[in-house]
Amino acid sequence: MKTRFQLSLAASIGAAVLFSSLAAHAQKTEFWMGNGVAAVNSFMAHKDKIDIISPTWYQIDETGLVTGEPNETVLKAAKASHMTIIPLFAIFDHVKIHQLINDQKAQDEMNKAFLRECKEHGYDGINYDVEDVMWTDRDALSAMVKKTADVLHAEHLQIQIDVVPNAPGHAGETAFGKWIFEEWRGGYDLKALAESVDTICLMTYDQHTHWTTPGPVGGWIWTKENLDYALKVVPPQKLSLGIAIYGYRWYTGDPGLGKAEKKPNETSDFISGPEIEMLRERFHGVPQWDEVDHTPWFYYYRDQMREWIFWTDKHAFKDRYELAGSDKVFSICSWDLGDEDASIWDAIPARR
C-alpha cells in the first residue's frame with residue numbers, strides 16, 4: 001500500500017508531467033502592431049503575454065526597394081523581454097507584385113535589404129505580407145518566397161508569410177466568389193510555401209467586410225474550415241492561426257449627397273475595441289452572442305437606420321485560442337495591437 005506521501009509525490013509528478021506535456025504543445029502568441037500611441041501602449045502593457053512581435057515597420061515596392069525603420073522604444077523593450085522580433089515587410093498591389101515576382105534583380109536587392117535590416121537591428125527574421133496576389137501569380141510567388149527563404153536560412157534567420165484563407169481551393173458560384181479567388185484567395189500555394197518558410201500565418205479574417213453583407217469578421221465555421229483545409233498540407237508546427245482582435249461596423253453610407261446621381265451605398269468600416277464600446281454606450285446597443293459563429297454582435301439605430309457591429313471579445317478570442325491549442329499549431333497571430341477589446345488579455349496566460 002502506498003503511503004500518503006507516496007501518493008502525494010506520485011500526484012505531483014503526474015501533474016508536472018501533464019504540465020510539461022501541455023507546455024510543450026502550448027502555442028506561441030504573435031501580435032502585429034503599428035507605431036501609433038494606442039499600439040505602443042498596448043504592447044508595453046502586455047509584454048509578458050507576447051512571444052513574437054511583428055511590427056509593421058517596412059514596405060516593399062515593385063523594384064525591390066525596402067523602406068522603413070524600427071521604433072527604437074519598441075525594439076529595445078522587445079529585446080529586454082526576450083521576445084522573438086520578426087518585422088512585417090508589406091506590399092499590397094497585384095500589379096506591383098506581378099512585376100516584383102518576375103524581376104530577379106529586384107528580388108536580389110530586396111533580399112539584400114532583408115539581411116541588412118535583420119543584422120543591423122538584431123531581428124530574428126522577416127514576415128512577408130504580400131497581399132492582393134492574382135491566382136495566376138501563385139507559382140511565381142512561391143518561387144520568390146523560396147529564394148528569400150534560402151537567403152535567410154543561410155544566415156540562420158526565420159521567414160514567415162501571411163496568407164489569405166483559400167478553402168475550398170477554388171472559385172465559387174457568385175461574382176464575388178470569383179473575384180475574391182482570382183485576386184486574393186487563389187494566390188497562395190500552401191503546400192509549396194510550407195516547404196520554404198518557417199511559419200505560415202493563416203489570416204482567418206476578414207470573412208465579412210465592406211465588400212459583403214454584415215457578418216462576423218472571422219466566423220467559427222469559416223475559421224475551422226480554413227484551418228482544416230490548411231492542415232491538409234501544412235505541418236501544424238509551421239502553422240499559425242490568425243485571430244482578428246478588432247471589429248467591423250456596417251451602416252448606410254452617402255447615397256450621393258449634393259450630386260446629381262444617387263445610388264445605394266451600404267458600407268462598413270474597420271472599428272477598434274474602444275470605438276465599439278463608445279458606440280455601444282452612446283446608442284444603448286445590447287451585446288448578443290452568435291452560438292453558431294462564436295461571435296459577439298449588436299445593433300443600434302442612428303438617424304432611424306440600423307447599424308451593425310461584429311467584433312472579438314474575450315469569449316470569441318478564447319474559443320479561437322483554444323482551437324489553435326487543440327490542433328497543436330505553432331502559434332496564434334493577431335492583428336493588431338491597440339485596436340483590441342481589452343478583455344482578450346484575460347484569455348492569454350502570462351509568459352514571463
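Reader: Where is the place of K47?
Author: You're looking at a predicted model, where local features need pLDDT of at least 70 and side-chain atom pairs count only at pLDDT 80 or more, while totals for chains, interfaces and linings use all residues. Residues are numbered from 1 along each chain as its sequence is written, and side-chain values use heavy atoms, with hydrogens and water left out. Helices (H or I, at least four residues) and strands (E, at least two) are DSSP runs, numbered from the N terminus. K47 sits in the loop between α2 (37-45) and β2 (52-55).

Reader: Is K47 buried, exposed or partly exposed?
Author: With a 1.4 Å probe and protein chains only, buried means under 20% relative accessible area, exposed means over 50%, and partly exposed is in between. K47 has 22%, so call this residue partly exposed.

Reader: What separates the C-alpha atoms of K47 and H82?
Author: Along the chain, these two are 35 residues apart.

Reader: How many residues are in the largest nonpolar core?
Author: A nonpolar core is a set of buried Ala, Val, Leu, Ile, Met, Phe, Trp, Tyr and Cys residues joined through side-chain atoms within 4.5 Å. I60 and F114 are among the residues with the most contacts inside the largest one, and I60 is in contact (heavy atoms within 4.5 Å) with F114, F89 and Y128, among others. Apart from it lies another core, of eight residues, including I276 and F298. The count for the largest core is 84.

Reader: At roughly what angle do α5 and α6 cross?
Author: Axes are lines fitted to C-alpha atoms, for helices over the stretch in contact, and angles run from 0 to 180 degrees between N-to-C directions. Residues including M110 and F114 in α5 meet M144 and V151, among others, in α6. The axes of α5 (residues 104-121) and α6 (residues 138-154) come within 10 Å and cross at roughly 35°.

Reader: Which are the edge strands of the five-strand sheet?
Author: This open sheet has the order β12-β11-β15-β14-β13, with antiparallel pairing. Two strands pair if DSSP finds at least two bridges between them, and three bridges join β13 to β14 (residues 295-302). Strands that pair on one side only are the edges here: β12 (266-271) and β13 (288-290).

Reader: Which residue in β14 does Q288 stand opposite?
Author: The strands β13 and β14 run antiparallel. Within β14, the residue opposite Q288 is W297.

Conventions. Lists of a residue's contacts leave out its neighbours within four places in sequence.
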